[in-house]
Amino acid sequence: MEKFSVIIPTIWKGETLNDLLINLYDCELIEEVILINNDNKNSKAIPLHDKLIYVEPQKNIFVNPAWNLGVRISKSNNIIIANDDILFDINYFVSCLIDVDKNHIKFEDFGIVGMDSDNYNLESNSNSPIFQNHGILESRGGWACLLAFHKNQWPIIPEQLKIYYGDNFLLAVGKRLVDMSGLKIQTKMSSSADTSVKWVKDITDNDTIEWHKILREWRR
């Protein structure tokens with residue numbers, strides 16, 4: 001199975017980013033780590049490595065366009081997208097994906113894998129991780145904090161959606177959507193999307209307007 005490219009957009013709010021980077025560097029099945037700096041005025045020191053691809057746009061392109069950019073420039077067809085404020089066992093995660101590819105269905109046909117909400121409350125990784133079709137009605141958030149997929153599964157998110165509704169778009173148009181349970185994830189949820197900050201609220205309010213425009217177009 002081909003190695004993975006990992007995409008991480010950041011505005012430097014995640015307190016565990018450096019630990020996440022080191023864990024990714026140490027994983028043999030990670031080919032590259034694409035870190036997209038969406039706030040170059042507040043950049044912080046990070047551990048460097050040959051695997052690191054540091055992308056610094058001239059201005060904040062926001063998270064959904066950064067996902068699109070990362071997928072477009074990635075070397076590998078196998079992609080992981082991670083929030084900058086999570087910690088998880090990358091070796092365990094990748095080994096589960098490899099097991100799916102070897103014993104069940106080729107990863108390129110598996111769909112987009114997101115996280116079951118219960119992963120954020122686990123004390124440890126499960127001995128028997130479960131992959132199942134995504135249950136929209138049962139979802140309680142956090143599905144898109146960590147994603148894995150083959151590049152041919154990625155639907156380009158409309159660029160007018162900046163911070164919010166990227167996951168809604170994936171869930172609406174994705175060929176196949178999968179929930180993974182059994183992976184322990186530590187995070188301070190939404191540390192990079194604080195809507196008490198005016199500019200964040202302005203962007204997310206506009207995202208809501210643009211998302212409803214998209215929904216209206218689909219209903220025509």
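Which residues of helix 5 are buried? Keep that in mind as you open the structure, which is a predicted model.

**Stop one: helix 5**

Select residues 198-219, which make up helix 5. Now colour the buried residues: Val200, Thr204, Asp207, Glu210, Trp211, Ile214 and Leu215. Turn the view until you look down the axis of helix 5, and the buried residues fall within an arc of 150 degrees, so they line one face of the helix. The general rule behind this is that an α-helix has 3.6 residues a turn, so residues three or four places apart point the same way. Next, pick out Lys198 and Arg219, exposed residues on the face of helix 5 turned away from the buried side. To see part of what covers the buried residues, show helix 4 (166-173) as well.

**Stop two: the aromatic rings**

Stay where you are and show the side chains of Tyr164, Tyr165, Phe169, Trp211 and Trp218, which form one aromatic cluster. A search of the whole structure turns up 10 aromatic pairs. One of them is Tyr165 with Trp211, a stacked pair at 5.6 Å centre to centre with 15 degrees between the planes. Tyr165 sits in the loop between strand 8 (146-150) and helix 4, while Trp211 belongs to helix 5, so this pair ties together parts that are 46 residues apart in sequence.

Now move to Phe169 and Trp218, a tilted pair with 6.0 Å between centres and 35 degrees between planes. Phe169 is in helix 4 and Trp218 in helix 5, so the pair links parts 49 residues apart in sequence. Phe169 counts as buried at 9% relative accessibility, whereas Trp218 is partly exposed at 41%.

**Stop three: Ile8**

Select Ile8, which you will find in strand 1 (residues 4-10). With 0% relative accessibility, Ile8 counts as buried. Show what surrounds Ile8: beyond residues up to four places away in sequence, Ile8 touches Leu17, Leu20, Leu21, Leu24, Val33, Ile34, Leu35, Ile36, Ala82, Asn83 and Asp84.

**Stop four: Asn78**

Go to strand 4 (residues 78-82) and click on Asn78. Asn78 is buried, with a relative accessible area of 5%. What lies 2.8 Å from a polar atom of the Asn78 side chain? The backbone oxygen of Glu2 does. Setting aside neighbours within four places in sequence, the contacts of Asn78 are Met1, Glu2, Lys3, Phe4, Ser5, Phe107, Phe149 and His150.

**Last stop: the cysteines**

How many disulfides does the structure hold? The count is 0. Select Cys96, which is in no disulfide; the nearest cysteine sulfur, in Cys27, is 12 Å away. Cys96 is buried, at 7% relative accessible area. Then try Cys145: its sulfur is 18 Å from the closest cysteine sulfur, that of Cys96, which is too far for a bond. Cys145 is also buried, with a relative accessible area of 7%.

Definitions and conventions: Residues are numbered from 1 along each chain as its sequence is written. This is a predicted model: local features need pLDDT of at least 70, side-chain atom pairs count only at pLDDT 80 or more; totals for chains, interfaces and linings use all residues. Side-chain values use heavy atoms; hydrogens and water are left out. Helices (H or I, at least four residues) and strands (E, at least two) are DSSP runs, numbered from the N terminus. The expected span of a helix is 1.5 Å times one less than its number of residues. Buried means under 20% relative accessible area, exposed over 50%, partly exposed in between (1.4 Å probe, protein chains only). The arc is that of the directions from the helix axis to the C-beta atoms. Contact means heavy atoms within 4.5 Å. A polar contact is a pair of N or O atoms within 3.5 Å; within protein, one must be able to donate a hydrogen and the other to accept it, and residues adjacent in sequence count only if both atoms are side-chain atoms. Rings of Phe, Tyr and Trp (its six-membered ring) pair if their centres lie within 6.5 Å; planes under 30 degrees apart count as stacked, over 60 as edge-to-face and the rest as tilted. A disulfide is a pair of cysteine sulfur atoms within 2.5 Å.
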